[in-house]
Amino acid sequence: MQDWMVDFAEYVRELLPEELAEPFVALARPAVRLSIAEEGETVVGRLGGLPRLPAGVPWPGTEDGGSGMEFLAELDCAALAAYESDIDLPAEGALLFFATWEGTAARVILLPPGAVRVPEKEAPVRGEARVFPEVPLAAETVATWPTRGHDELFRLGDDFWDRVVGEDPWETFGDMLADFAEAEGGRAHQVGGHSDALHRPVEAAAAYAAGVDPKDPGFAAEASRWVNLLQLDEDNGMMFGDGGTLIFGIRWDRLATRDFGQVFPYLQGH
């Protein structure tokens with residue numbers, strides 16, 4: 001069993017009978033959790049700052065041309081290659097993530113290795129858009145699992161999350177697993193894996209945005225074509241609604257061909 005899986009699997013098996021624990025453990029996916037780097041930690045990217053785009057590469061802007069998008073994060077693909085996840089990122093180069101301040105549009109730019117980057121003299125952001133402080137990111141591989149609303153959990157029963165697993169009636173599996181997640185570091189920035197589903201999974205949200213009705217037999221197939229490229233939590237001055245997240249979704253086939261020109265921004269908050 002992979003190291004990232006051990007603690008999660010052991011905890012679930014302590015709480016659930018085998019016929020429920022094993023199917024749930026099998027749904028776990030590795031993801032790369034990102035956090036503010038401490039001194040001495042390997043840096044795999046950054047939040048904020050200026051993108052330092054190569055000459056001739058424009059700063060992505062809004063459709064009306066009123067402002068540049070907010071620059072949110074950069075990932076060093078070569079550094080991330082040392083960490084296991086369930087998605088196939090480029091082996092080298094850098095991914096730059098931009099979004100409008102309200103999260104309705106987004107752009108991802110892949111810069112090839114060795115690209116000559118030019119520091120911007122001025123950020124073309126106006127109105128509500130902001131430039132965030134630059135902070136380095138460190139990484140670790142962690143287990144992720146589907147949360148409420150994922151189709152994969154329906155076959156485990158309607159009362160799966162509300163199953164009492166402790167001595168007291170309020171100690172349900174859902175609450176105990178939430179406590180485990182918090183002890184492991186809580187919600188965070190994340191590459192790949194099961195994203196947090198405050199409302200619905202990003203895969204389902206992308207399928208719905210593509211025009212597929214949830215009652216359509218092809219809805220599950222469309223949802224399965226999408227993956228979490230990057231999930232950003234509220235941090236470093238970034239706000240996504242009220243205690244929300246911004247997820248950059250991408251189709252598997254576009255990720256495989258390194259086509260980052262079409263991503264699905266999914267902002268969910270309380």
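Here is a short tour, one selection at a time.

This is a predicted model, so local features need pLDDT of at least 70 and side-chain atom pairs count only at pLDDT 80 or more, while totals for chains, interfaces and linings use all residues. Residues are numbered from 1 along each chain as its sequence is written, and side-chain values use heavy atoms, leaving out hydrogens and water.

Start by selecting 245–251, strand β9 (strands are DSSP E runs of at least two residues, helices H or I runs of at least four, numbered from the N terminus). Seven of its seven residues are buried, meaning under 20% relative accessible area with a 1.4 Å probe and protein chains only; exposed is over 50%, and partly exposed is in between. Thr245, Ile247, Gly249 and Arg251 point one way, and Leu246, Phe248 and Ile250 the other.

Next, select Asn236 in the loop between β8 and β9. Most residues other than glycine have a negative phi. Asn236 is buried, at 17% relative accessible area.

Last stop: Arg52, in the loop between β2 (45–47) and β3 (70–76). Phi of Arg52 is also positive, near 55°, but Arg52 is partly exposed, at 28%.
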